[in-house]
Structures are given as structure tokens and as C-alpha cells.
Amino acid sequence: MSYEIRSILYASDLTPRSPAVFRHAVGLAMKFNAKLHAVTVTLPSSSLPYEEFLSEEKMDEIKLAGHKKAEALLRHRIDVFAEANPDLDVKSVLASVRALEGDASRRILDVAKHVLADMIVMGSRGHSTIGELLLGSVAHKVTMKADVPVILVPIDR
């Protein structure tokens, strides 16, 4: 029985430390000759305080603009990373880039299934157990519910 990693999902929260996490995702994709899928998830905009004053069409327009901006930011960061790291062939492994809205852990797991990910790579701030109870941790939830290995890269240390 052979062991293959054909598809890797990189989940980004777009923090300044996310390029360090991306480096691991790209390195693994290159090592395994796997396709890399990048995703970022923003919170739902359904709780915006001014939503009740805007038409549904205007809210849809605002949501679409936010979605496009998040995806453009992720693409830009990937481009900057690729330019700064010519030794890593980002363009050859990168298969998709997308921004989604909703519950981050659930959306990451949904995308992992959709792209048939064999592995998920994401950052973790390493909250304490009490911190995770109070704040919740996307990384913890993904790790507990994923059907595939999750590689957590420590960030903010």
C-alpha cells in the first residue's frame, strides 16, 4: 500500500504571520508533488448593525465586495510570497484560491472534502485550554473534526 499526498488545503486567517504557515504548505506540496488549495474564511456579515437599514440587494453587494476583497488579499499575499521566495515554485503547486464566509472551522472542513484534501495546513496561536473554552479555536475544532491529518504551525510566538 502506497502513501500519497495529492491534495493539500492551506487555511489562512490573513494575519501577518500567515506567510510562515504558507511556507510549510508550499514545501509539503512540492515535496509530495501535490496540488495546493488556499482558503480564507471571514465571519458572516449577517450581524452588521446597519443591515436593517439597507435593502437586500445592497447587502448582497456589500457581501460580494467583501468576499472579493478577502480573496484579492489572499491572492496578493500569495503573489508577494512567490516573488520573495523564487526557490519555492508556488505557481506550479497552487490549484485554487478562494475566500468564503461563515463558521471558519465548518467551511474549512467543507472545502477539505470538496478538494479531496489529504492534509490540512493551518496556523495555531496555541491558546490555553481555558482560552479555547472561552474563545474557541478554529484550529482545535478543525483538528478534532477532520477526516485527514491537520498540520498546525505555531504562530504569534
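These legends describe close-up views of one predicted protein model.

**Basis of the legends.** Residue numbers start from 1 along each chain as its sequence is written, and side-chain values use heavy atoms, with hydrogens and water left out. Because the model is predicted, local features need pLDDT of at least 70 and side-chain atom pairs count only at pLDDT 80 or more, while totals for chains, interfaces and linings use all residues.

View 1. Helices (H or I, at least four residues) and strands (E, at least two) are DSSP runs, numbered from the N terminus. Along the sequence the elements follow the pattern β-α-β-α-α-β-α-β-α-α-β. The protein has 157 residues, and 39% of them count as buried; here buried means under 20% relative accessible area, exposed over 50%, and partly exposed in between (1.4 Å probe, protein chains only). Contact means heavy atoms within 4.5 Å. Among contacts with a separation of 6 or more, 78% are between residues 24 or more positions apart.

**View 2. Confidence in the model, given as pLDDT, has a mean of 87.** The pLDDT is the predictor's confidence in each residue, from 0 to 100. A value of 70 or more is reached by 87% of the residues. Over residues 131-135 the pLDDT stays under 50, and for this stretch the model has 5 contacts beyond four places in sequence.

**View 3. The structure holds 1 cavity of 30 Å³ or more.** Rolling a probe the size of a water molecule over the atoms shows where empty space is left. On a 1 Å grid over the protein atoms alone, a cavity is a set of points where a 1.4 Å probe fits but cannot get out, and lining residues have an atom within 4 Å of a point. Grid points are joined across faces, edges and corners, and a volume is the space filled by probe spheres set on the points. The volume of the largest cavity is about 40 Å³. Its lining consists of Y10, A11, S12, D13, T15, S18, V21, G123 and I155. Strand β1 (7-12) and helix α1 (18-32) each supply at least two of the lining residues, and β1 gives the most, with 3 residues. By type, the lining has 4 nonpolar, 4 polar and 1 charged residues. In this scheme Ala, Val, Leu, Ile, Met, Phe, Trp, Tyr, Cys and Pro count as nonpolar, Asp, Glu, Lys and Arg as charged, and the others, Gly among them, as polar.

**View 4. T15 and L14 lie in the loop between β1 and α1.** T15 is one of the residues that line the largest cavity. T15 counts as buried because its relative accessibility is 15%. The side chains of T15 and D13 are joined by a polar contact of 2.9 Å. A polar contact is a pair of N or O atoms within 3.5 Å; within protein, one must be able to donate a hydrogen and the other to accept it, and residues adjacent in sequence count only if both atoms are side-chain atoms. Leaving aside residues up to four places away in sequence, T15 touches R77, R125 and I155. L14 is not a glycine, yet it has a positive phi of about 60 degrees. L14 is buried, at 15% relative accessibility.

**View 5. T40 is placed in strand β2 (residues 35-42).** With a relative accessible area of 2%, T40 is buried. Not counting residues up to four places away in sequence, T40 touches S12, D13, L14, A70, L74, R98, A99 and L100. T40 and R107 are 67 residues apart along the chain, and their C-alpha atoms are separated by 9.2 Å.

**View 6. N33 and A34 lie in the loop between α1 and β2.** N33 is exposed, with a relative accessible area of 71%, whereas A34 counts as buried at 3% relative accessibility. N33 has a positive phi of about 55 degrees although it is not a glycine. The residues that A34 touches, not counting those up to four places away in sequence, are I5, R6, S7, I8, A29 and V93. Between A34 and A95, 61 residues apart along the chain, the C-alpha separation is 9.3 Å.

**View 7. R75 belongs to helix α2 (residues 56-84).** The relative accessible area of R75 is 39%, so R75 is partly exposed. R75 and V97 are 22 residues apart in sequence, and the C-alpha to C-alpha distance between them is 6.9 Å.

Notes. 1 Å grid on protein atoms, 1.4 Å probe; cavity = no way out; pocket = protein on both sides within 12 Å on 5 of 7 lines; lining within 4 Å.
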